[in-house]
Amino acid sequence: MKLTLKIWRQKNQSSKGAFESYQVEADEHMSFLEMLDVLNEQLISEKKSPVAFEHDCREGICGTCNLVIDGRPHGPSQGTTTCQLHMRSFKDGDTIHIEPFRARSFPIIKDLVVDRTAFDRIIQSGGYVSVNTGQAQDGNAIPIEGNTAAKAFDSATCIGCGACVAACPNGSAMLFTSAKVQHLGLLPQGKVEHKSRVQKMVAQMDKEGFGFCSNVGACEAECPKEISIDNIAAMNRGFVGSMFSTEE
Amino acid sequence: MSLTGLFLITFLLVHLIGNLQLLAGDEGQAFNIYSDFMANNPLIQGISKGLYLFILLHAIQGLMMAWKNKKAKTSKYAGGRGSGSWASKNMALLGTLVLAFMFIHMGDFWYKIKFDSNSINAVSYAGLDHEIKDVYSKVMETFKNPIFVVAYLIGLIALAFHLGHGFQSAFQTLGLRHKKYTPAINFVGLAFAILIPLGFAILPLYMFFN
């Protein structure tokens, strides 16, 4: 299949970027990233600079690949990361726009690569459990209701890719932050620090310059792990609760 | 945003119920007595001061949020429109339209009733010991002008879309989300967003065509 790619090229953070057009011959069995690999090999053999993009596991579990494909983070497939998107989702002769995640708190490093360390700093601010929780058998010895365990697991499937921020018209990181808060706060080991965790992580999120949540719901629609905005409501509830708490 | 919004939602309901007396078919007696009561009752006067404060708070907070959110986003994407309803992404625009409408509306009635008594005639009814302002006739006169009717309808359409997102969004912000109750909240929100502006829209249309 012959494709026309309009790819965002930007030398570095301070330079002005623009779309550039490329022709590529792809196979429908290729993943989207493999198609970009083909393009890059082509560019290298032409002695041109290859397109910079991020990728790691290519199994949809690491959260490294990003890309906004035709206006949608991780492309047109529901609940799928860019690496798991295959070229059979496109037709011969298609024109595809590929651009980086866009948000003030995710500055562009080069081409399609953005700096997502703001997420790391949110985790560092409170996304941990400070007590020793023992070995695996200690965890298994604590009875946890099935429903609660399932909810915590659903929240824990967040891979921290940042698609929620990219999809949000406000550039808000509420879905990511709330998934992390809920993942820890629902389980007995994490419950102890829940109140202070909510306060710290929300404060860091605001400090990083992410926008405010106005409940548009685009994050939930574009999340490759289909994290629900139930998490955001639950975090809001926890935040209000922590404001009236006398605990440290 | 959510708390002030929910307060303003309850105000809309009270305001509509009061105004529906315009349709009572008694040459405005019920409505005029009601507006006299609203203008002079000390409790209502106290609440209305709170209402002005909440309207301002809601507007200022909303505009500040929209400004900060605009800064948090660098630019739009080239392909595609993105997920999420149109109303949810344009709350600031819709809110500004509603605010502009409110200035026109308060200029039409509130200002004239309070500070421009010459523009409103007095009327007396049996059983009342003093003359009261004939607000009903003022409303009738205003809505004979098609420009006002159209301006009001535009304001109300903006209000409908603003409520369509705002009602359920307020509950989500407060963390009131539940498998069982959220569908009910969404349904009531949708019904509210359609019925309340529709109820208000009947008034100028009724006045214009009668």
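Modeller: Helices (H or I, at least four residues) and strands (E, at least two) are DSSP runs, numbered from the N terminus. This is a predicted model, where local features need pLDDT of at least 70, side-chain atom pairs count only at pLDDT 80 or more, and totals for chains, interfaces and linings use all residues. Residues are numbered from 1 along each chain as its sequence is written, while chains are lettered from A and ligands numbered from 1 in the order in which they are written.

Colleague: Thanks! Where does Leu67(A) lie?

Modeller: Leu67(A) sits in the loop between α1 (32-45) and β3 (68-69) of chain A. Its phi is positive, about 65 degrees, although Leu67(A) is not a glycine.

Colleague: Why is Leu67(A) called buried?

Modeller: A residue is buried if 20 or more other C-beta atoms lie within 10 Å of its own, exposed if 12 or fewer, and partly exposed in between, with C-beta atoms placed from the backbone. Leu67(A) has 29 other C-beta atoms within 10 Å, so Leu67(A) is buried.

Colleague: And what makes Glu27(B) count as partly exposed?

Modeller: Glu27(B) has 14 C-beta neighbours inside 10 Å, so Glu27(B) counts as partly exposed. This residue is in the loop between α1 (2-19) and α2 (29-40) of chain B, and its phi is positive too, near 60 degrees.

Colleague: How many residues does the contact take from chain B and from chain A?

Modeller: Two residues are in contact if their C-beta atoms, placed from the backbone, lie within 7 Å. The contact takes 25 residues from chain B and 32 residues from chain A. On the chain B side, α3(B) gives the most, with 5 residues.
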